[in-house]
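The structure is shown first, and the points follow by topic.

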Amino acid sequence: MTWHSFLPGHIYFGNKVIQQNPEMFRGLGRQALIVTGQGGSARRIGALDDITQALQQQDIQWEIFDQVEANPSIATVRDGGQRARQSGADFIIAIGGGSPMDAAKAIAVLALHDISDDQLLALQFGEALPLVAVPTTAGTGSEVTAASIITFPEREAKLGIRDNKLLPRVAILDPGYTVSLPWQITADTAVDAYSHAMESYLSVIATPISDMHARTALDILGPQLKRLTASREIGMADREALLLGSLLAGMAISETRVTIPHLLGYTFTIYKDIPHGRANGLLMPAFMTFNLEKSQDPKVKQVLEYSHFKDLQELTEVLAQLCGPPPVCSEAERQHFVDRTTGNPSLANNLVAPDREDLAAMLARALQ
Ligand code: NAP
Ligand code: ZN
């Protein structure tokens, strides 16, 4: 077996970690563009203040681009790129969930390169600006992944731009920033992280390093999913565990990429407006059933063991409580979702590559 692993840059983790390490921004540049979501949470939770204070201490200037919507569109990313150029930014700081972090990765490219959508997607660019990522949800792991997932409305698709140049130089994880997350976003994003660990562990391109991260993430996140069903109160220790689980799952998925729940789940997000993590969760029981039926690999059952579920039924019940009912979809919509997903090369990274009928069967099971 041969494999290659590329681990990300600096990772700072802990409460008030920015105040304790203001020098973490040193050497990245003199003018930052801070990229946040359009809902204002980065400001409300204090992350923006913590960062601008640290920048001030280091004599670094900044401008703020606070226009990123959920499932960021290419148009927003282009606006951000223009803003970065106009402000003379020489590095980018993203504060938020996966949406601002992913947008910031593409902005870091477009700030330096005036390229078409096709060139961006084909990775036809040189360097990107250095990026600092500050997650405020515990789910995507985007702070340590090489992927930027952008929505291209005219293509009716969420597409990944995946290049190691997009890996954040610095990831700053303060669990305190996630305390304000409402229960439903906490659940959706925790399910996303769990899905990264699961899909990574069941990938044919898993490496010993990605497996190590995935196993630990499963171990942390399985019990956390159960706790979320038991109570709507989420204590600080649980916030820390969720953020750590999300980080480790992100490190796993950065090497292996996503497979069936994500690729089919994108259709739920695009056509049914279902949040990303929840979309994965709605498909996960059908995905696990497919793997249990079609693969003899012990790793399939290990997913349940490592995450402390006694069987698939228990996981299914937990996910049902976290994700709620599936969307109502017409027959024509089901066909369309399968059509849009079939042929994606990343499907082949699952232990068993699904064909069109397998995808249709998984979708039917998920929508029961
Ligand atoms: P999100 O779209 O970034 O944020 C969801 C909502 O949560 C927004 O309304 C946001 O408000 C709010 N929010 C964020 N932090 C908050 C906080 N601490 N307190 C209160 N509200 C807060 O959601 P996400 O699930 O983190 O990211 C989903 C995106 O990430 C999808 O586009 C998905 O495809 C992508 N993704 C990327 C990767 C990768 O490796 N690159 C992996 C998985 C998923 P604001 O508008 O104020 O920010
Ligand atoms: Zn995801």
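Aspartate 188 is buried in this predicted model, at 6% relative accessibility. Aspartate 188 forms a salt bridge with arginine 278, with 2.9 Å between the closest N and O atoms. Because aspartate 188 belongs to helix H7 and arginine 278 to helix H11 (residues 276-294), the pair ties together parts 90 residues apart in sequence. Arginine 278 is partly exposed, at 21% relative accessibility.

**Other salt bridges**

- The structure holds ten salt bridges.
- One of them joins glutamate 63 to arginine 83, the closest N and O atoms being 3.1 Å apart.
- Glutamate 63 is in strand S3 (residues 61-68) and arginine 83 in helix H4 (residues 74-87), so this pair links parts 20 residues apart in sequence.
- Glutamate 63 is partly exposed at 30% relative accessibility, and arginine 83 is partly exposed at 27%.
- Arginine 78 and aspartate 117 form another salt bridge, with closest N and O atoms 2.7 Å apart.
- Arginine 78 lies in helix H4 and aspartate 117 in helix H6 (residues 117-121), so the pair ties together parts 39 residues apart in sequence.
- Arginine 78 is partly exposed at 28% relative accessibility, whereas aspartate 117 is buried at 16%.

**Helices H7 and H8**

- The axes of H7 (residues 183-201) and H8 (residues 208-230) come within 8 Å and cross at roughly 150 degrees.
- H7 is therefore roughly antiparallel to H8.
- The crossing of H7 and H8 is left-handed.
- Residues in the contact include Trp183, Tyr194 and Met198 from H7, and Asp211, Arg215 and Leu221 from H8.
- By class, the contact of H7 with H8 has 15 nonpolar, four polar and two charged residues.

Definitions and conventions: Residues are numbered from 1 along each chain as its sequence is written. Chains are lettered from A and ligands numbered from 1 in the order in which they are written. This is a predicted model: local features need pLDDT of at least 70, side-chain atom pairs count only at pLDDT 80 or more; totals for chains, interfaces and linings use all residues. Side-chain values use heavy atoms; hydrogens and water are left out. Axes are lines fitted to C-alpha atoms, for helices over the stretch in contact, and angles run from 0 to 180 degrees between N-to-C directions. Helices (H or I, at least four residues) and strands (E, at least two) are DSSP runs, numbered from the N terminus. Angles under 35 degrees count as roughly parallel, over 145 as roughly antiparallel, 65 to 115 as roughly perpendicular and the rest as oblique. A crossing is left-handed if the near helix is turned anticlockwise from the far one by less than a right angle, and right-handed if clockwise. Contact means heavy atoms within 4.5 Å. Ala, Val, Leu, Ile, Met, Phe, Trp, Tyr, Cys and Pro count as nonpolar, Asp, Glu, Lys and Arg as charged, and the others, Gly among them, as polar. A salt bridge is a side-chain nitrogen of Lys or Arg within 4 Å of a carboxyl oxygen of Asp or Glu. Buried means under 20% relative accessible area, exposed over 50%, partly exposed in between (1.4 Å probe, protein chains only).
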